[in-house]
Amino acid sequence: MPVRFRKQLIATTQFEAVAVCDVDGDGILDLVCGDLWYQGPDFRKWHPTVPVARHGEYYDDFSGIVLDVAGDGHPDIITGGWWGESLRWRKNPGARGTPWSEHIIAAGIGNIETTRAWDIDGDGVVEIVPNTPGQALCAYRLIAPGTFAKHEIFPTGCGHGLGYGDIDGDGFGEFITPKGILKRPAAGPWSGPWTLLPGPDLGWDASVPIIIADLDGDGEAEVISGHAHSYGLDWYKRDGDTWRKHAIDPTTSQYHDLIWADIDGDGQPELITGKRYRAHCGNDAGEFDDLSISYFKWTGHGFAKVPISSGPLGDGKGCGIHFHVADLRGSGRLDIIAPGKDGLAIFWNEGN
């Protein structure tokens with residue numbers, strides 16, 4: 001049976017990224033979205049964080065990564081954006097009514113499409129990796145409270161789209177980009193530039209992230225990628241030296257963010273994604289189609305689409321540039337937290 005969801009509109013703000021964490025240490029998850037955080041469990045009380053620069057329809061705030069940067073036990077938020085060309089962290093004071101502050105991790109690093117976090121060196125702490133399409137691909141490693149070390153993964157821009165996972169089955173992760181697969185040096189991930197190898201043809205507007213997963217259980221990883229600024233969502237299987245493309249959903253555009261998680265509680269992950277509303281302010285293919293969020297269930301040979309929300313603006317909902325899933329109320333089920341220019345909403349997972 002499909003999972004049933006109940007929609008709750010939290011705010012009509014236009015921030016496109018959200019973070020989920022216990023801001024104030026009361027044991028209840030809260031939401032951080034743009035210049036506000038929303039107090040759980042009902043998210044009806046709002047508190048300020050820091051001002052966020054606006055550029056036309058956009059806010060310079062394209063990710064919501066949770067990490068205790070300050071080392072004080074409070075979850076801080078890491079973000080970056082296209083215009084500021086900087087990676088930043090917002091210090092959480094850990095108490096209501098106390099001002100937040102913003103700090104620079106790295107400046108002048110180029111336009112940031114969005115940012116993701118992966119534990120690249122296996123030390124239990126995630127590294128921060130911005131997708132900077134026209135600049136070097138770099139990872140930022142927390143080495144002391146408030147201090148990051150910069151590591152260059154590849155010296156030139158790798159394009160729009162980024163993923164990380166063990167593609168070749170050697171026990172170590174590789175980066176995947178529209179230009180190819182980046183394999184770590186034998187001496188370790190921080191010992192020098194990574195080697196670029198051929199990969200699937202993902203197009204010019206691949207999603208962030210690109211998902212790496214063994215879909216069919218044969219011990220070899222497949223790749224899942226959306227088209228962030230045009231139509232299509234696809235998976236790719238390696239066949240010798242080539243990758244064969246298989247369509248998941250060619251009918252929807254602006255699949256910018258993907259999540260691979262068990263949304264229906266059957267012990268197997270599903271693909272959760274949706275349309276990013278007005279990704280290019282009315283200039284992308286399919287901009288004025290209905291908004292949607294869906295999950296896609298692996299059938300053993302392909303994906304079956306299960307709609308969660310669909311319809312025009314005000315009825316259907318998209319999922320922004322960095323959405324999240326989390327068990328917000330301790331139900332044992334993952335809820336969907338969807339920001340975007342069409343507002344911030346929760347889709348409560350009511351089970352099946």
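Me: First, Cys138: does it count as buried or exposed, and at what relative accessibility?

Reply: Cys138 counts as buried, at 5% relative accessibility; buried here means under 20% relative accessible area, exposed means over 50%, and partly exposed is what lies in between, with a 1.4 Å probe and protein chains only. Before going on, note that this is a predicted model, in which local features need pLDDT of at least 70 and side-chain atom pairs count only at pLDDT 80 or more, while totals for chains, interfaces and linings use all residues. Residues are numbered from 1 along each chain as its sequence is written, and side-chain values use heavy atoms, with hydrogens and water left out.

Me: How many disulfides does a search of the whole structure find?

Reply: The search finds zero disulfides, a disulfide being a pair of cysteine sulfur atoms within 2.5 Å. Cys138 is in none, and the nearest cysteine sulfur to it, that of Cys158, is 10.0 Å away. Cys319 is likewise in no disulfide, with the nearest cysteine sulfur, that of Cys33, 13 Å away, and Cys319 counts as buried at 0% relative accessibility.

Me: Cys33 sits in β3, so which residues lie on each face of that strand, and are they buried or exposed?

Reply: Strand β3 (residues 30–33) has Asp30 and Val32 on one side and Leu31 and Cys33 on the other, and all of these are buried, so that both faces are covered. Strands here are DSSP runs of E with at least two residues, and helices are runs of H or I with at least four, numbered from the N terminus. In a regular strand the side chains alternate between the two faces of the sheet.

Me: And what does β3 pair with?

Reply: Strand β2 (residues 19–21) pairs with β3 in the antiparallel sense over three bridges, and three bridges also join β3 to β4, again antiparallel; two strands pair if DSSP finds at least two bridges between them. Cys21 has Asp30 as its bridge partner in β3, and Cys33 has Leu36 as its partner in β4. β3 and β4 form a hairpin with two residues between them, where Gly34 in the turn has a positive phi of about 65°.

Me: Moving along, where is Phe43, and what is its phi?

Reply: Phe43 is found in the loop between β4 and β5, and its phi is positive at about 65° although it is not a glycine. Phe43 is buried, with a relative accessible area of 2%. Pro41 lies in that loop between β4 (36–39) and β5 (45–48) as well, and a cis peptide bond with omega of about 10° joins Gly40 and Pro41. For context, most residues other than glycine have a negative phi, and most peptide bonds are trans.

Me: What about Cys281, where is it and what is its phi?

Reply: Cys281 is in the loop between β25 (270–275) and β26 (291–298), with a positive phi near 55°, and at 24% relative accessibility it counts as partly exposed.

Me: What sheet does β20 belong to, and why is one side of it left without a neighbour?

Reply: β20 is part of an open sheet of four strands in the order β20-β21-β22-β23, with antiparallel pairing. β20 (211–213) and β23 (242–247) stand at the edges, each with a single partner strand, so one side of each has no neighbour in the sheet. Six bridges join β22 (residues 233–239) to β23, and Lys237 has Arg244 as its bridge partner in β23.

Me: Last one: which residues is Thr114 in contact with, leaving aside neighbours within four places in sequence?

Reply: Thr114 is in contact with Phe62, Ser63, Pro130, Asn131, Val208 and Ile321, contact meaning heavy atoms within 4.5 Å. Thr114 belongs to strand β12 (residues 114–118) and counts as buried at 0% relative accessibility.
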